[in-house]
Amino acid sequence: MTHALNDLAYHVIVFGCQMNKHDSERVCGMLEALGAYQVNSIEEADIVVFMTCCVREAADIRLYGQVASLKNVPLRTGSPLRKRIVAVGGCIGQRDGQELVEKLPHLDVVFGTHNLASLPTLLTSAVQQGGHQVEIAQSSTAFPTDLPTQREHSWSAWLPITIGCNNFCSYCIVPYVRGREKSRTLEDIAQEAQRYVNAGVSEITLLGQNVNSYGRDLYGEPRFAQVLKAVAETGVKRLRFATSHPKDLSDEVIQLFGELPSLMPALHLPVQSGSNRILEQMNRRYTREHYLELIRKVRAVRPDIALSTDIIVGFPGETEEDFQQTYDLVKEVGYSQVFTFIYSKREGTPAAKIEDDTPRSVIQERFDRLVDLVQAQAYEQNQKDQDAVVEVLVEGVSKRNENLLVGKSPKNQTVHAPIPDGCSIEELMGTYVKVKVQEARTWYLSGTLLD
Ligand code: 5AD
Ligand code: SF4
């Protein structure tokens, strides 16, 4: 008997972080395994799955709006279903559960961050019986990693090593939604990495809300350095990780940037603020001095490392002086990339209780000032690679010009180069080429292929 989802067209819409992107690859893997096939638009889809994020309010509002407007999109002609099946997963699914189907009655399935594996069953019930299917467990013992995956690129893989977060930064909703931090065993991680490498994967990105505290729950102490060594031993060519918390970044891990050739020279180390007063109110548990010391140590080991960070502007009560300290810290570090966010109040977090009368226009002006600095810095950092030869992992063609290949450098810079005569992009994708950089711009490098 064929499965109820066989031959149905599905479309997945992803909001938010890499963990969500990874979870959606699992969603695709499960649906493909049951015979469904992926399409690129809502109009063509019998099933639409939203993988949602609730870290900031804007994404939250957008999700509710998008699901509401789906009601008016007719089902494709020829669909075997009477009605399009709409599912919401990820952080909003986990947080709002039943409330979602009450507010959006045409929604069929809601699944939480711990219930990825139940999605096929929930969708099947929705197809066969109709009605609302809601499943949100508070925690899970199994890692979604045991589920099939349909990776975006066959040569790159995300590998979650922890789920959840124990840090309770005062502005952040994640620990309430994703639950406490749980680590996979070292053996499990190493085995999965080895499977990927044997299957031809050359780039692995280890994922967790705070990879640096990996293992504390299992082994009583963080063992992230051991994870890096074990995964490097699989022979993977490029190894990356995200995200790091400065309070847990150990000297041992920093040293590995100088010891493991596969560990790419790129570190994302969210600072959030450069003011000690604000850092304390954020419950970040480090000072700007400690952060700058970490940067000094990392650069001593790997002078060419590309640093990136996250910054929140407009945390309640942030003064011009506090902001200035953030601005100065950014100036001092010299980042290749900074993800800037305007503070978004999240109900249920401690920061939501702090009164703030700073006008929105003041916050926006500070934000714009910071963005100008960040862009100038990104340009300055890329300029350092003018005339350099960089090894590029080819990912595809440029969206604007199909004669240009696009790929990533070790520092994770986007690199463009003309596709050489006689070469097809299909044969280049997933391979490594050497590019001589001729032009270094703010957001990309461009050059020509060597050899
Ligand atoms: N408002 C704005 N930005 C936030 N982030 C997390 N919570 C909030 C919030 N309430 C940012 C942090 C984090 C990134 C993933 O999102 O900078 O590092
Ligand atoms: Fe949120 Fe802080 Fe955990 Fe990151 S470390 S997910 S900002 S609570």
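## Loop residues and overall build of a predicted model

Asp 108 touches Lys 83, Arg 84, Ile 85, Val 86, Ala 126, Gly 131, His 132 and Gln 133, leaving out residues up to four places away in sequence. The model is predicted. Asp 108 sits in the loop that runs from helix H4 (98-103) to strand E5 (109-111). Is Asp 108 buried or exposed? Its relative accessibility is 7%, so Asp 108 counts as buried, the cut-off being under 20%. One of its contacts is polar: the side chains of Asp 108 and Lys 83 are joined at 2.7 Å.

### The whole protein

The protein has 15 helices and 19 strands. Its radius of gyration is 23 Å, close to the 22 Å that the globule rule gives for 451 residues, so the protein is as compact as a globular protein of that length. Along the principal axes, the C-alpha atoms fill a box of roughly 65 × 60 × 45 Å.

Of the 451 residues, 54% are buried. Contacts with a separation of 6 or more are 72% between residues 24 or more positions apart. The accessible surface comes to about 19800 Å², and carbon and sulfur atoms hold 49% of that area. There are 47 positive and 57 negative charges, and their mean positions are 1 Å apart.

### Glu 318

Glu 318 is another loop residue. The loop lies between strand E13 (306-313) and helix H13 (320-333). Relative accessibility is 4% for Glu 318, which therefore counts as buried. Which residues does Glu 318 contact, leaving aside neighbours within four places in sequence? They are Arg 277, Ile 278, Ile 312, Val 313, Phe 323, Thr 326, Thr 358 and Arg 366.

One of its polar atoms lies 2.8 Å from the backbone nitrogen of Gly 314. Val 394 is 76 residues from Glu 318 along the chain, and their C-alpha atoms are separated by 43 Å.

### Thr 243 and the cis peptide

The peptide bond from Ala 242 to Thr 243 is cis, with omega near -5°. Thr 243 falls in the loop between strand E11 (238-242) and helix H10 (251-259).

Leu 206 is 37 residues from Thr 243 along the chain, with 8.7 Å between the two C-alpha atoms.

Two residues come up here. Gln 272 has phi near 70°, a positive value in a residue other than glycine. Its loop links strand E12 (266-268) and helix H11 (276-281). With 7% relative accessibility, Gln 272 counts as buried.

Arg 285 is not a glycine either, yet its phi is positive, at about 60°. Arg 285 is in the loop between H11 and helix H12 (288-301). Its relative accessible area is 48%, so Arg 285 is partly exposed.

Ala 117 occupies the loop between E5 and helix H5 (119-129). Its relative accessible area of 48% makes Ala 117 partly exposed. Beyond neighbours within four places in sequence, Ala 117 is in contact with Met 30 and Leu 147.

Ser 154 belongs to the loop between strand E6 (133-135) and strand E7 (156-160). Ser 154 counts as partly exposed at 48% relative accessibility.

### Separations in sequence and space

| Pair | Apart in sequence | C-alpha to C-alpha |
|---|---|---|
| Thr 243 and Leu 206 | 37 residues | 8.7 Å |
| Ala 117 and Glu 32 | 85 residues | 14 Å |
| Ser 154 and Arg 441 | 287 residues | 29 Å |
| Glu 318 and Val 394 | 76 residues | 43 Å |

Note on methods:
Residues are numbered from 1 along each chain as its sequence is written. Chains are lettered from A and ligands numbered from 1 in the order in which they are written. This is a predicted model: local features need pLDDT of at least 70, side-chain atom pairs count only at pLDDT 80 or more; totals for chains, interfaces and linings use all residues. Side-chain values use heavy atoms; hydrogens and water are left out. Helices (H or I, at least four residues) and strands (E, at least two) are DSSP runs, numbered from the N terminus. The radius of gyration is taken over C-alpha atoms; the globule rule is 2.2 Å times the number of residues to the power 0.38. Buried means under 20% relative accessible area, exposed over 50%, partly exposed in between (1.4 Å probe, protein chains only). Contact means heavy atoms within 4.5 Å. Accessible areas come from the Shrake-Rupley method with a 1.4 Å probe; for residues, only the protein chains shown count as cover. Lys and Arg count as positive and Asp and Glu as negative; His and the chain ends are not counted. The place of a charge is taken as NZ of Lys, CZ of Arg, CG of Asp or CD of Glu. A polar contact is a pair of N or O atoms within 3.5 Å; within protein, one must be able to donate a hydrogen and the other to accept it, and residues adjacent in sequence count only if both atoms are side-chain atoms.
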